[in-house]
Amino acid sequence: LGYRIALDDTGTGHNGLSYIQDLNADIMKIDKKFVDFISDDGGTEIVQMLVQLAKRMKMETIAEGIETEDQARILNKLGVDQGQGYYVAKPLEPEEFCMQVRKQ
């Protein structure tokens with residue numbers, strides 16, 4: 001078994017950009033704050049910059065707080081690797097999660 005390191009809430013609070021270089025993480029989680037601003041009319045600049053930076057650092061990206069189909073589409077177009085949020089699935093109890101996985 002191995003492990004992977006994910007930087008949560010990248011670009012906000014105590015998780016500034018210096019951690020990207022210091023921790024040699026595998027995954028960059030893009031904070032919901034930045035996801036909330038994206039639309040077809042713009043607001044994608046920070047997410048686009050974080051995705052490009054992650055790719056240069058050989059990191060995967062996960063967008064947090066996806067709530068709409070439009071956000072999911074735009075994030076996919078920007079090259080985000082994975083997403084989480086109410087659009088994908090509401091928080092589940094462990095038993096319910098296992099049932100959902102078995103259905104697939």
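The legends below accompany several close-up views of one predicted model.

**View 1. The whole chain and the confidence of the prediction.** Because this is a predicted model, local features are described only at a pLDDT of at least 70 and side-chain atom pairs only at pLDDT 80 or more, while totals for chains, interfaces and linings use all residues. Residues are numbered from 1 along each chain as its sequence is written, and side-chain values use heavy atoms, with hydrogens and water left out. The pLDDT, which is the predictor's confidence in each residue on a scale from 0 to 100, averages 89 over the chain, and 96% of the residues score at least 70. The chain holds five helices and four strands, which follow one another from the N terminus in the order β-α-β-α-α-β-α-β-α; helices (H or I, at least four residues) and strands (E, at least two) are DSSP runs, numbered from the N terminus. The C-alpha trace spans about 40 × 40 × 25 Å along its principal axes. Of the 104 residues, 32% count as buried, where buried means under 20% relative accessible area, exposed means over 50%, and partly exposed lies in between (1.4 Å probe, protein chains only).

View 2. Lys-29 belongs to strand E2, which covers residues 27-30, and the residue is buried, with a relative accessible area of 16%. If residues up to four places away in sequence are not counted, Lys-29 touches Ala-6, Leu-7, Asp-8, Asp-9, Thr-10, Ile-62, Glu-64 and Gln-84, a contact being defined by heavy atoms within 4.5 Å. With the side chain of Gln-84, the side chain of Lys-29 makes a polar contact at 3.4 Å; such a contact is a pair of N or O atoms within 3.5 Å, of which, within protein, one must be able to donate a hydrogen and the other to accept it, and residues adjacent in sequence count only if both atoms are side-chain atoms.

View 3. Side chains of opposite charge can pair when their charged atoms come close. A salt bridge is a side-chain nitrogen of Lys or Arg within 4 Å of a carboxyl oxygen of Asp or Glu, and by this rule the count comes to eight. In one of them, the side chains of Glu-64 and Lys-29 meet at 3.6 Å, N to O. Glu-64 lies in the loop between E3 and H4 whereas Lys-29 lies in strand E2, so this pair ties together parts that are 35 residues apart in sequence. Like Lys-29, which is buried at 16%, Glu-64 counts as buried, with a relative accessibility of 8%.

View 4. The side chains of Arg-73 and Asp-40 meet in a salt bridge of 2.9 Å, N to O. Arg-73 lies in helix H4 and Asp-40 in the loop between helix H2 (32-35) and H3, so the pair ties together parts that are 33 residues apart in sequence. Arg-73 also forms a salt bridge with Asp-70, with the closest N and O atoms 3.3 Å apart, and these two residues both lie in helix H4, three residues apart, about one turn of the helix. Arg-73 is partly exposed at 40% relative accessibility, Asp-70 is partly exposed at 43%, and Asp-40 is exposed at 56%.

**View 5. Val-47 in helix H3.** Val-47, a residue of helix H3, counts as buried, with 0% relative accessibility. Leaving aside neighbours within four places in sequence, Val-47 is in contact with Ile-30, Phe-34, Ile-38, Leu-75, Leu-78 and Val-80. Val-35 is twelve residues from Val-47 in sequence, and their C-alpha atoms are 7.4 Å apart in space.

**View 6. Two loop residues with a positive phi.** Most residues other than glycine have a negative phi. Asn-24, in the loop between H1 and E2, has a positive phi of about 50 degrees although it is not a glycine, and this residue is exposed at 64% relative accessibility. Lys-58, in the loop between helix H3 (45-56) and strand E3 (60-63), has a positive phi near 60 degrees and is exposed, with a relative accessible area of 76%.
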